[in-house]
Amino acid sequence: MKYLCLGYFEPEKMDNRPKTEIDAIMGECQARLEGFYESGKVIIDAGLDLESKSLRLVNGKVRVIDGPFIETKEMIGSAFLIEARDMEEAIRVASLHPTTQVGAGEQLGWGIEIRPIHYFENREREV
């Protein structure tokens, strides 16, 4: 089964830190990613840009709105797709991600949400 994992952070907490401190933390993340990828369970890992658009159907027409639109203090900073037998294995694999491995992440509000996904895969399309 495939699982979509969303990495969250609190922008205010990160923005309030000196750039040198954030750079050092991100450097520590890079080293942790190697072990995460070596698990052999990561299908794709993508960092997300802060820019986003929201599409809504309004009065029968698609409306494009600047985003992100979240109702919490957290923002999605990354998304990754993993393959796992069950939720227990998905938790084990996701826990290798820097979000839960880098100590500073706790103070920066980092966290991961794991969701089993049901999907359509177009096998005729070349990637």
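Predicted model: local features only at pLDDT ≥ 70, side-chain atom pairs only at ≥ 80, totals over all residues.
Mentor: Let's go over the surface and then a couple of single residues.
Trainee: What should I keep in mind about the model and the numbering?
Mentor: Residues are numbered from 1 along each chain as its sequence is written.
Trainee: Which residues make the nonpolar surface patch?
Mentor: Leu-55, Leu-57, Val-62 and Val-64 make it, about 450 Å². Strand 3 (53-58) and strand 4 (61-66) are the elements that give two or more residues to that patch.
Trainee: And Leu-57, buried or exposed?
Mentor: Leu-57, in strand 3, counts as exposed because its relative accessibility is 65% (exposed is over 50% relative accessible area, buried under 20%, partly exposed in between, with a 1.4 Å probe and protein chains only).
Trainee: Switching topic, where is Glu-89?
Mentor: Glu-89 is in helix 3 (residues 87-94), and at 5% relative accessibility it counts as buried.
Trainee: What does Glu-89 touch?
Mentor: Lys-41 and Ala-84, not counting residues up to four places away in sequence; contact means heavy atoms within 4.5 Å.
Trainee: How about His-97, where does it lie?
Mentor: His-97 is in the loop between helix 3 and helix 4 (98-101). It counts as buried, because its relative accessibility is 7%.
Trainee: Which residues is His-97 in contact with?
Mentor: Leaving aside neighbours within four places in sequence, His-97 contacts Leu-33, Phe-36, Asp-45, Ser-78, Phe-80 and Ile-112.

Terms used: Heavy atoms only, no water. Patch = residues over 30% accessible without salt bridge, like charges linked within 9 Å, V, L, I, M, F, W, Y side chains within 5 Å. Areas by Shrake-Rupley, 256 points an atom, 1.4 Å probe, with all protein chains shown as cover. Salt bridge = Lys/Arg side-chain N within 4 Å of Asp/Glu carboxyl O. Helix = DSSP H or I, 4+ residues; strand = E, 2+ residues; numbered from the N terminus.
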